[in-house]
Amino acid sequence: MAIRFTKISYIYDADMPYFHNALKSVNLEIAEGRITALIGETGSGKSTLVQHLNALLVPHLGRIEILDHRIEAGKRNKGLKQLRRDVGLVFQFPEYQLFEATVLDDAAFGPMRFGYSKSEAKKRAADALISLGITKELFDRNPMELSGGQKRRVAIAGILASDPKIIVLDEPAAGLDPAGTKLLEELFVSLNRERGKTIIVVSHDNDMVYSCCDDTVLMANGSVVYHGDTLALFNDRTLIDENHLLVPRLVELKNRLQEKGFKVPSSVRTIDDLAREIAMECGS
Amino acid sequence: MNRIAFGKYIPTDSPLHRLDPRAKLAALVLLVVSVFVPVSWYCYIPLALTAFLAVRLSYLKLRFVARTLRPILFLMLFLFVVNALTLKRGEVIYEIGSFQLYSYAISFTLRIGARLFLMIVFTTCLTATTKPLDLNLAIEYILRPLGLLRFPVHEVAMMISIALRFIPTLSMEAGRIMNAQKSRGVDFEDGKLLEKASAILSLAIPLFTIAFERAYELADAMEARGYVPGERRTRYRKLRYCSGDLVLVLFSLLMLAAMILSRVLL
């Protein structure tokens, strides 16, 4: 198990009259090597949960185990730097964290903080930048001069450069154009398939969740409502209605085809797969 | 970022929340002046009772008030050391080698501490029960006579209210950036001096960038809504006095008068 939450509760402004109970005794286990989506309405506790993965918030009750790290409520937890090296967190609008004078220095900042030598850090940063499509000509530019999409990719490269085992992305596509979104999707799928990284992605885009996430965690009012197979969730009419989920466009299309008498297996994830199935059905 | 308690508005519906901000501001000024008048220690009893009453009437938790007071403990300690070394009046209480501690050093430190303590409690009761924008209206109202001297009262008030409005926004952004940098291995709490410097830089540079971006956006938004500096503007919300305001101001006036009287007579 990569991550295990045991009865985690977190309260914002606990000593104020307007306190807010953001996580209510959450139990959650996330398996290693999978892509897990974290979905739910705004204010359901997703971001609070994500911050616990880096001990940026420490629970008021409960215990968290991440790889071989432990975070317990009410204790002075140690080894946070190691934890943050193992779990890379990409925040919403990560471009706001850029501050070094050049693109390469900024991407190398994380690995250097985590104890890599300067040359090693720069090598890792360069690799990460190139894997995200930031070419060598841009390495010596000031990050502030780049476009919004480029800035975000530099910021993400800065996290990947530290080679974390678990990568958490909080709304990585917010404010990006479709091409940028597609690139990000392909990136985290390849990080998972080719390099075995455990990926957790917070998202509002159910189409994206449906096409590339193995598992889905659905949150509502500070609790986990569903945790399991993504396809099973979005093909279950009652679960969708109960939680007011937006049906992925592909599922919508599949349902309509089925009404017309086409047989479409529920394992179809992408539009390409669906087209292939239809072609086979028509061919036979 | 949520740790900063001083000056924070607490949205509840207490008796003090319902009073007029102008009355509360006037009362604060009167009470703070009262705090600095008395000479004998028992004059602080009615002031302390007033402070306690104010805390109760604003529905503040004592723990919250205690948090706003924490910073003055350090100040007190520093003050005590300076006083102990410089003030040589009263009786000798304690002696180590050539160093003598005089009673006056202690009583003087305590008195300053008590004054700061009361001042902060009163101020907290104002800021916790008054929305920053209401407070700003009150300041604008009080400064209005300066307009006769061509002082741009309204523009200054607008600047203050914008500054106040952006404190929570920027402090939230600061929290976010700090989290992002912590995730990248920055240690804001401990670490070597050089590391600390780079930690502060990693917070300050992005924060400046955001502040400038916000400023441009706000300027555009204000222009789009037809804001012209110097133009006469009407108000959506009008302030209105109630009987409670009169009671508050009269009470504060009486307190000040009593303190001045005690100083003259005793």
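Helix 5 and the sheets of chain A

Guide: This is a predicted model. In chain A, the buried residues of helix 5 pack against strand 6 (87-90), helix 3 (103-113), helix 4 (118-131), strand 7 (166-170) and helix 6 (178-195).

Visitor: Which residues of helix 5 of chain A are buried?

Guide: The buried residues are A:Lys151, A:Arg152, A:Val154, A:Ala155, A:Ile156, A:Ala157, A:Gly158, A:Ile159 and A:Leu160. The cut-off for buried is under 20% relative accessible area.

Visitor: How do you know that the length of helix 5 of chain A agrees with 1.5 Å a residue?

Guide: Helix 5 holds 13 residues, 148-160, so the helix should span 18 Å. Its end C-alpha atoms lie 19 Å apart, which agrees.

Visitor: What makes both faces of strand 6 of chain A covered?

Guide: A:Val87 and A:Leu89 are buried on one side. A:Gly88 and A:Val90 are buried on the other.

Visitor: Why are strand 6 and strand 7 of chain A called paired?

Guide: Pairing needs at least two bridges. Four bridges join these strands, so they pair. They run parallel. A:Val90 of chain A stands opposite A:Leu169 in strand 7.

Visitor: What makes strand 2 and strand 5 of chain A edge strands?

Guide: The open sheet has four strands in the order 2-1-4-5, with antiparallel pairing. Strand 2 (20-30) and strand 5 (69-72) each pair on one side only. Neighbouring strands of this sheet are turned by 20° against each other on average, direction ignored.

Visitor: How do you know that strand 1 and strand 4 of chain A pair?

Guide: Five bridges join strand 1 (residues 3-12) to strand 4 (residues 61-66). The cut-off is at least two, so they pair. They run antiparallel. A:Arg4 stands opposite A:Glu65 in strand 4.

Conventions. Residues are numbered from 1 along each chain as its sequence is written. Chains are lettered from A and ligands numbered from 1 in the order in which they are written. This is a predicted model: local features need pLDDT of at least 70, side-chain atom pairs count only at pLDDT 80 or more; totals for chains, interfaces and linings use all residues. Side-chain values use heavy atoms; hydrogens and water are left out. The expected span of a helix is 1.5 Å times one less than its number of residues. Buried means under 20% relative accessible area, exposed over 50%, partly exposed in between (1.4 Å probe, protein chains only). Contact means heavy atoms within 4.5 Å. Axes are lines fitted to C-alpha atoms, for helices over the stretch in contact, and angles run from 0 to 180 degrees between N-to-C directions.
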